[in-house]
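Student: Could we go through this structure together, one question at a time?

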Amino acid sequence: MADNSFSDGVPSDSLEAAKNASNTEKLADQVMQNPQVLAALQERLDSVSHTPSSYIETLPKAVKRRINALKQLQVKCAHIEAKFYEEVHDLERKYAALYQPLFDKRREFITGDAEPTDAESEWHSENEEEDKLAGDIKNKAVITEKEAAAAEEPNPKGIPEFWFTIFRNVDMLSELVQEYDEPILKHLQDIKVKFSDPGQPMSFVLEFHFEPNDYFTNSVLTKTYKMKSEPDKADPFSFEGPEIVDCDGCTIDWKKGKNVTVKTIKKKQKHKGRGTVRTITKQVPNDSFFNFFNPLKASGDGESLDEDSEFTLASDFEIGHFFRERIVPRAVLYFTGEAIEDDDNFEEGEEGEEEELEGDEEGEDEDDAEINPKLPW
């Protein structure tokens with residue numbers, strides 16, 4: 001029988017491969033002539049070429065060298081910015097000394113150690129004219145009754161429960177306060193912010209001043225927040241100003257049976273050999289605002305914290321910053337609720353702006369980069 005594996009000296013497998021290659025080339029030519037396929041390929045290439053990192057990779061070495069030089073300049077800018085914030089901290093310290101006499105007088109009015117003069121207590125409200133007119137009519141109608149009521153009207157010392165009311169008004173703080181914390185916070189007389197001394201590492205201390213009470217012997221509870229204002233060596237471009245990096249609390253000298261940060265539970269234990277059962281008491285942690293003075297420590301040994309711990313620490317830093325920047329400087333407005341209303345109005349405005357921007361996205365995309373530039377403050 002004749003062997004059919006060769007034809008004119010050429011193996012049949014080679015002929016088949018050549019035929020398949022020819023068919024593949026024809027198919028490729030047909031695909032490349034399809035406008036839809038070409039458009040899809042071009043879109044894919046465009047998306048790749050427009051990626052910043054991929055674009056940088058295509059640049060000549062000489063240009064990349066100049067870009068590296070720009071990064072060096074950017075790092076130097078970050079270090080200058082860090083010095084700027086250090087001087088801002090010095091200014092904060094300077095002006096804190098100017099604010100303090102006013103804050104001291106605020107404390108005297110709150111505690112009742114001093115009474116404001118008529119001039120100091122005069123305040124013109126937005127509805128002053130309406131209030132005056134209504135007052136005049138009432139005065140003319142019930143002068144006698146008013147005098148009698150004034151004689152019976154209570155006149156408590158100072159402004160009762162001033163700081164406790166602020167805790168109750170501010171959601172961020174009220175979420176931390178338990179029912180058994182409330183009678184303790186009613187003894188809170190003042191909160192102060194102290195900045196670190198010149199030449200010392202950047203930090204600030206929150207001081208909570210309490211009148212004598214039945215719960216602990218401390219007159220002042222402190223929380224120290226340590227800050228860093230320098231670019232990270234590993235990631236200098238992430239620097240955006242000072243950040244809180246750690247905090248320290250203080251020891252609360254609780255009176256016997258008054259520690260609200262722990263609770264006592266009873267637990268039954270069974271003896272393995274004899275089978276007898278005994279009841280033991282054990283102290284376990286208890287939710288309380290006063291855990292604020294026993295904070296979680298930031299990891300300093302290179303080990304990362306778990307997600308819950310990171311969230312707890314971040315929340316602690318946020319609360320400390322809020323005390324320093326908002327509560328202490330504007331305490332009376334958080335007591336009356338005016339500052340809270342301002343905060344709510346600001347947040348509603350932001351939400352409204354987001355809705356408007358979402359509507360704009362359906363229009364011209366090229367305007368997106370110009371909306372809401374990020375400010376360095």
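Student: How many bridges join strand 5 to strand 6?

Tutor: This is a predicted model, in which local features need pLDDT of at least 70, side-chain atom pairs count only at pLDDT 80 or more, and totals for chains, interfaces and linings use all residues. Residues are numbered from 1 along each chain as its sequence is written, and side-chain values use heavy atoms, with hydrogens and water left out. Strands are DSSP runs of E with at least two residues, helices runs of H or I with at least four, both numbered from the N terminus, and two strands pair if DSSP finds at least two bridges between them. Strand 5, residues 220–228, runs antiparallel to strand 6, and the number of bridges joining them is 5.

Student: In the open sheet of 4 strands, which are the edge strands?

Tutor: The pairing in this open sheet is antiparallel, and the order is 3-4-5-6. Pairing on one side only marks the edge strands, which are strand 3 (188–195) and strand 6 (243–248).

Student: Which residue is the bridge partner of M227 in strand 6?

Tutor: Strand 5 covers residues 220–228 and is joined to strand 6 by bridges. The bridge partner of M227 in strand 6 is I244.

Student: At about what angle does helix 10 run to strand 4?

Tutor: Axes are lines fitted to C-alpha atoms, for helices over the stretch in contact (heavy atoms within 4.5 Å), and angles run from 0 to 180 degrees between N-to-C directions. Helix 10, residues 307–327, lies across strand 3, strand 4, strand 5 and strand 6. Its angle to strand 4 is about 75 degrees.
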